[in-house]
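Below is a short note to read alongside the model. Please keep the sequence and the 3D view open while going through the points.

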8 protein chains.
Amino acid sequence: GFAKVDHHRKKRQGFAEVIYGEGKTADQIISIVQALRARNNEILVTRVSKEKAEVILYTCPELTYNETAHILFWKDETGPIKNKRGYIAVIAAGTSDLRVAEEAAVTAEVLGSNVHRIYDVGVAGIHRLLNHAEEIQQATVSVVVAGMEGALPSVVGGLVSHPVIAVPTSIGYGANFHGLSALLTMLNSCASGISVVNIDNGFGGGYNAVLIHQL
Amino acid sequence: GFAKVDHHRKKRQGFAEVIYGEGKTADQIISIVQALRARNNEILVTRVSKEKAEVILYTCPELTYNETAHILFWKDETGPIKNKRGYIAVIAAGTSDLRVAEEAAVTAEVLGSNVHRIYDVGVAGIHRLLNHAEEIQQATVSVVVAGMEGALPSVVGGLVSHPVIAVPTSIGYGANFHGLSALLTMLNSCASGISVVNIDNGFGGGYNAVLIHQL
Amino acid sequence: GFAKVDHHRKKRQGFAEVIYGEGKTADQIISIVQALRARNNEILVTRVSKEKAEVILYTCPELTYNETAHILFWKDETGPIKNKRGYIAVIAAGTSDLRVAEEAAVTAEVLGSNVHRIYDVGVAGIHRLLNHAEEIQQATVSVVVAGMEGALPSVVGGLVSHPVIAVPTSIGYGANFHGLSALLTMLNSCASGISVVNIDNGFGGGYNAVLIHQL
Amino acid sequence: GFAKVDHHRKKRQGFAEVIYGEGKTADQIISIVQALRARNNEILVTRVSKEKAEVILYTCPELTYNETAHILFWKDETGPIKNKRGYIAVIAAGTSDLRVAEEAAVTAEVLGSNVHRIYDVGVAGIHRLLNHAEEIQQATVSVVVAGMEGALPSVVGGLVSHPVIAVPTSIGYGANFHGLSALLTMLNSCASGISVVNIDNGFGGGYNAVLIHQL
Amino acid sequence: GFAKVDHHRKKRQGFAEVIYGEGKTADQIISIVQALRARNNEILVTRVSKEKAEVILYTCPELTYNETAHILFWKDETGPIKNKRGYIAVIAAGTSDLRVAEEAAVTAEVLGSNVHRIYDVGVAGIHRLLNHAEEIQQATVSVVVAGMEGALPSVVGGLVSHPVIAVPTSIGYGANFHGLSALLTMLNSCASGISVVNIDNGFGGGYNAVLIHQL
Amino acid sequence: GFAKVDHHRKKRQGFAEVIYGEGKTADQIISIVQALRARNNEILVTRVSKEKAEVILYTCPELTYNETAHILFWKDETGPIKNKRGYIAVIAAGTSDLRVAEEAAVTAEVLGSNVHRIYDVGVAGIHRLLNHAEEIQQATVSVVVAGMEGALPSVVGGLVSHPVIAVPTSIGYGANFHGLSALLTMLNSCASGISVVNIDNGFGGGYNAVLIHQL
Amino acid sequence: GFAKVDHHRKKRQGFAEVIYGEGKTADQIISIVQALRARNNEILVTRVSKEKAEVILYTCPELTYNETAHILFWKDETGPIKNKRGYIAVIAAGTSDLRVAEEAAVTAEVLGSNVHRIYDVGVAGIHRLLNHAEEIQQATVSVVVAGMEGALPSVVGGLVSHPVIAVPTSIGYGANFHGLSALLTMLNSCASGISVVNIDNGFGGGYNAVLIHQL
Amino acid sequence: GFAKVDHHRKKRQGFAEVIYGEGKTADQIISIVQALRARNNEILVTRVSKEKAEVILYTCPELTYNETAHILFWKDETGPIKNKRGYIAVIAAGTSDLRVAEEAAVTAEVLGSNVHRIYDVGVAGIHRLLNHAEEIQQATVSVVVAGMEGALPSVVGGLVSHPVIAVPTSIGYGANFHGLSALLTMLNSCASGISVVNIDNGFGGGYNAVLIHQL
Ligand SMILES: Nc1ncnc2c1ncn2[C@@H]1O[C@H](COP(=O)(O)O)[C@@H](O)[C@H]1O
Ligand SMILES: Nc1ncnc2c1ncn2[C@@H]1O[C@H](COP(=O)(O)O)[C@@H](O)[C@H]1O
Ligand SMILES: Nc1ncnc2c1ncn2[C@@H]1O[C@H](COP(=O)(O)O)[C@@H](O)[C@H]1O
Ligand SMILES: Nc1ncnc2c1ncn2[C@@H]1O[C@H](COP(=O)(O)O)[C@@H](O)[C@H]1O
Ligand SMILES: [Mg+2]
Ligand SMILES: [Mg+2]
Ligand SMILES: [Mg+2]
Ligand SMILES: [Mg+2]
Ligand SMILES: [Mg+2]
Ligand SMILES: [Mg+2]
Ligand SMILES: [Mg+2]
Ligand SMILES: [Mg+2]
């Protein structure tokens, strides 16, 4: 067919191929889902609009759709619990960053990790973040999602002793250049334990956090 | 001659023409200084290297050179004290931002304002800034100087009720792009009372602060 | 809920949290408005389309909608008049810059300042600006809004002795790059008392002017 | 040899090939000069450093070197005067723009046109320009040279009824990006009769003005 | 009202204010047209869609609409013929560049100049251009319109002894960046008598050509 | 003094403040080193030239200088071994990437982790990488350093089940734009477990890897 | 008419003019097709939407439409077979790159070459590519199509001894910048026999491959 | 050692590893040369300064240095002549492009192909190119080297029926952006058989041409 599903990936990398839903038709997604389900893999489809999800759910009713995260998934609830200890902190700067933050959080949960959500704690009112300092410091790893000037990971990075995955979002306007501003901020952070994924790549943030959390 | 000194400016704008020293020869600077001094104006020459300053001081010994700020100046100490109330807070993120911060601070002092300096309080160790919260909040206006990711003005902007002038510096490397990263951060700040001047423009930061302080 | 309204902000910063309406649903805006109104705060919601405004007004009929500025607001007319002296000059280059100029002007009025509007005085016919020189010079602070080449703040900056807040707009085409041209012009101004906010950020221009006007 | 001198150009285009001196050795320049002089062409070599000029003058003593313009030339003083009527106005914003302005002015003079120089009349003190309005308005064509924000051509363009050639310079720092700021300003001018040449291309400004002046 | 029509412009600059139609409502255009017509000015409105034009023509039936050029105009046919000698060559590279080329050509005709159109002569088949060499060489001035790589002005510039106004268009895709490629090509041309206007600015090309043609 | 050393950092973040040596004088570095040594902290100074290192070593002879990595350090060999299990794989594409790769490797070793170096295994000869597949797959975390097109992390990311920290270098020319090409490649990787640090930020790569390795 | 069809091209370049369908109306395409068909040329129209194709097919029923490639064509099946030996390998990284890959493949087939398609073999699962190594190595020339990080041509380039034409696609988001990331990757490849065409220019990839294949 | 020489490459790709000299020490180059010579491979080292070449030649006297091309090489003159038919045309626009053009030409000659050099035939005097039309048309493949606006490949591409490899150079100033202008021109060419290599990558141009010539 049109795609070579990488069935070897689960063995090689620990998780089956994740489906990037943007630009794929419902039919294409269904056929990949079925190929993966045939081997009892967990299913994670990102960037799925509500309309497309409804079409897919009609054929694959065992999947669940998370509307904020735009994610379709199937999770093996009967499988071994991967990591009981600890949790991933998913931290978001503003209410506009929710879609990306939830993409990270749901990705992590589907792949078997616990998540604590700490949202709307942007740097313009720093006390809101400091109120959650302890909860953040006790996480195994943090995913920090921010748009506009993207300063939040620098502040979080200075408070914790664990790795921080920074996710810039495209929220903003004018000289924001669709997330470029936040991306550059995060790459140039003067705090030390920060690494960065692509603009709006909540999935990448969640996936990296899971790899670290489940070591 | 080669230049039309804007002698009308002091009347129109409150201060005589300030001389941008970069790219001007010592001789050109001396001739403009003498034209301005002839009318008893205060003198402010920015971006003057130590070597150039020494040549100029030989001819114009009444000037003073500030080496960190790269500024040559003459200030009318006998003139009326412009503003007794309040002060300008000049805040810098890292020790590498000192030259630009001092350009702002010395500019403000030469033009007649009081300055409080609060340096090396970058966001990666936020407690250092919070230790000075009160001193900052009681200023009339803040000038916040930062390079690398340039996040400091956003945090300061969220703590105070006065205007903040943000000055990005070109300190950094790689995806910093000579200060572009800090500039974009500051333009996209989600804190509200922040306006921005050009990269490394400590003079502009100080001058704007003086206009506000001496209202 | 989804948002942590920063109720402490009025105390810390002088004004309650301003709501950025873009990308928020009418329901989200209503719930934040109600939380703020519960403590008798003034209300300022920017970037609200006419359609969204009508939905919100149905539930919150005490608000007023300014269609040119795209602003929804509630202003405490019975409160103390903040600043009787002086006014803010809001100056716009072309008729296409009106939306942003009004965002600045209405923001300033809702937050309690007087505004003089001087519109369609772009540099291609400099006499139009010079005709208003005195009115501009007597303001406490100017907000100068311009698109295309964005040259107007430089000329205004050379005429006045008070601070100028420059607001680039995204009006233009081709090598304008959605306002980048005007932004760079303003950051590089050779006039001295100019600071800059983000492209199309009329709100930021008005807010900064208010902080200065109400010192 | 290494170069194919375009001897047909004088016939086709009115002027012999102009030599771009940057990156050429003194020897290469001498050999092209001699090929052109053999047919009695006028000589114009741009971007020649003082050191290189001295080497060339040793072999070609009939040339003249203009140090500010960095131009080496030989002009047929006995030839027919090309255009007695009118003159080209070369207008420069700041004293730092002199090299480029002189590159334009000397190019025009060598190619046979009269030039009026109006320098240091940048927009931050608009009265300086307005003092020369009549002299500018009576020119056949203007070349306007400006760095930093590059706003001068827009103001000149609004005062005159003849064509304006705008020359951005690389003078500036930070978000000037080596002249990009001035270039974009000029391309986006809202005044109508303005066209633009490359950053620092004084030669192009002068050459275009001559073509227009000598129509 | 909302606009300050620059009635003095015809005296100062030779032509009345031209109306940039993009972003203006039909009502706004009608009211400016009527203000200009009241003083018997020629009318030129650029960037008018067919729909908007029809609304305006209903109120102002004396105007004419050129659909390819997107221009509405009224031309004083009884006025003095401005320039009988010579013509402007408007040269276009591809069939996709027609809208911009016609914006230039119609602008020039409305302002009283003769135009020769030479279209679809891009550099990939250079014989097509060379077939028209004589017609091009005998023009007073050329306007050269090209998208994609924008190489045509360099070739034309090497063939003629008159000024060339280069107009880059936004035709292209990928690394064309909406006309940036053609713009940079034209600014960097190694042919000598070329100056450049903004991307897609056919009006600017035509207007500059008229100023030169009618000297 | 000029700097506020963040002595609280070791407690808060696990490691004492690391000194970024670029742009600091030998004297400044010595005084910070002494402040940190006074509390028996490990010392890590990055970006120190050989000349500067020699000056510092004269005063602080207990430090060691690694010339390839440009790092000065002092490591508490008597302290508890932090992590006996596993190792960090530091993988480099070309011999030109050595400085950055060693900055990562030495950082990791000074902070107490084991490192395996796998160098000169770029994608243009993929068999060289595949020869080391097993050694890479058994690491706890990989740091992948590459310049030019920066494709190596994508290939490594597809082979392993642990987190990959990608470090772009500025090696290349032309359309490489000082490492931008490699940076964008890494941010856009279609492999899943990759996060990215700034161009040439070997320190960041090593530090993040240590945080993960020592969980 | 509006276009000058380059009838001489088949003689000069081996193939008749190819029609770039984007931005042309169905009527314009029909009239060019008829002019070309009148001389019995093969027909290749790229970038034709399904709707436009249906209109054209109604008038020109001898054409065939390939929906994935967005290409309309007519191929002279009775003509001499151009090249029996060898084939072009068209290799694509992901299923989202299919449209561009098919534009290359169908172009090559219409112009008379054999094509082997090897799709969905991106670098994140390198074994998929290596499984086809022999088939790729035996091609005369490869066209390698990839979006996102665009790393595939580097790996292919290191496996083969024939020329590789790299085609970046605009597939991706965030810091992909509409294909810029893949374009820069390919231009900076450290493998040696790679040259690059514009983003999404499948036609250019196929055409270049045909010129090489049919030498 | 520090490098893994890819000895398998000659078998896999037809030529031994080529050494990129920039950034390598003379010692590093000598050790790689010796490793390659030990297996009797041809040697090609690009980007070697005269000084570095002299050091290497002292140890490896059998190598030859080409000063214009900055190339060190050893060519097996006794080996089989690879391709007697045909030749590669290396075409350069200006005398400043010579270094890059010679890098292409010498690369091709060392790898066993015949080269015809056609230099200083830029588009500003198109007759110079047309004078060589036949010689160019009879080549098997062309390498076209151009800086500034980079228009030459488009014109050559329209004259020939063989593949054209375009090499942009960094020659130019201002809005040339170190060769970006020429690069974009070439990527956007409306001629059909053109593919592009990196800025200043004469080696890449020559190498690709050899692969095509020796098919
Ligand atoms: N300062 C300058 N800036 C831009 N172009 C120039 C300059 N001086 C000379 N030229 C042009 O460069 C061409 C010479 O190119 P070349 O063959 O490299 O010497 C001349 O024909 C002029 O058109
Ligand atoms: N298509 C166009 N492109 C650029 N500028 C234009 C165009 N049409 C009109 N203009 C200019 O825009 C000015 C009108 O601006 P406005 O006040 O917004 O109507 C006129 O004076 C013209 O110089
Ligand atoms: N090579 C490096 N690249 C980026 N950041 C670094 C580097 N070396 C040290 N740092 C960080 O820079 C901070 C020190 O900044 P400063 O106050 O300027 O010395 C340290 O806390 C480190 O987190
Ligand atoms: N998809 C495509 N991408 C780039 N160029 C194309 C494409 N399709 C056709 N062309 C070229 O565009 C030229 C046609 O241009 P036009 O005169 O506008 O139809 C043809 O000669 C082809 O070389
Ligand atoms: Mg909030
Ligand atoms: Mg510090
Ligand atoms: Mg107007
Ligand atoms: Mg001056
Ligand atoms: Mg055509
Ligand atoms: Mg190697
Ligand atoms: Mg796939
Ligand atoms: Mg030449």
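1. Ala124(E), Glu149(E) and Asn188(E) supply 30% of what chain E buries against chain H, more than any other three residues.

2. A word on the source. This is a predicted model, in which local features need pLDDT of at least 70 and side-chain atom pairs count only at pLDDT 80 or more, while totals for chains, interfaces and linings use all residues. Residues are numbered from 1 along each chain as its sequence is written, chains are lettered from A and ligands numbered from 1 in the order in which they are written, and side-chain values use heavy atoms, with hydrogens and water left out.

3. The contact of chain E with chain H takes 23 residues from each of the two chains, where contact means heavy atoms within 4.5 Å.

4. Which elements of chain E give two or more residues to the side that touches chain H? They are helix H5 (126–130), helix H7 (152–157) and helix H8 (180–187) of chain E. H8(E) gives the most, with 4 residues. Helices (H or I, at least four residues) and strands (E, at least two) are DSSP runs, numbered from the N terminus. By class, this side of chain E has 15 nonpolar, 7 polar and 1 charged residues. Ala, Val, Leu, Ile, Met, Phe, Trp, Tyr, Cys and Pro count as nonpolar, Asp, Glu, Lys and Arg as charged, and the others, Gly among them, as polar.

5. Chain A and chain F bury about 2400 Å² between them, with 55% from carbon and sulfur atoms. Leu187(A), Ser192(A) and Leu215(A) supply 22% of the area that chain A buries against chain F, more than any other three residues. The contact takes 28 residues from chain A and 28 residues from chain F. Between these chains the count is 0 salt bridges and 12 residue pairs in polar contact, both at pLDDT 80 or more. Helix H1 (9–13), helix H8 (180–187), strand S9 (194–196) and helix H9 (202–213) of chain A each give two or more residues to the side that touches chain F, and H9(A) gives the most, with 5 residues. That side of chain A has 13 nonpolar, 14 polar and 1 charged residues.

6. Chain E and chain F have no contact, and their closest C-alpha atoms lie 12 Å apart.

7. Over all chains the count comes to 66 salt bridges. In one of them, the side chains of Glu22(E) and Arg47(E) meet at 3.8 Å, N to O. Glu22(E) lies in the loop between strand S1 (19–20) and helix H2 (26–37) of chain E, and Arg47(E) in the loop between strand S2 (43–46) and helix H3 (50–59) of chain E, so the pair ties together parts that are 25 residues apart in sequence. Glu22(E) is partly exposed, at 40% relative accessible area, whereas Arg47(E) is buried, at 13%. Buried means under 20% relative accessible area, exposed over 50%, and partly exposed in between (1.4 Å probe, protein chains only).

8. Is His178(G) buried or exposed? His178(G) is exposed, with a relative accessible area of 67%. Its phi is near 60 degrees, a positive value in a residue other than glycine.

Conventions. Buried area = accessible area lost by both parts, 1.4 Å probe. Salt bridge = Lys/Arg side-chain N within 4 Å of Asp/Glu carboxyl O. Polar contact = N/O pair within 3.5 Å; in protein donor to acceptor, adjacent residues only side chain to side chain.
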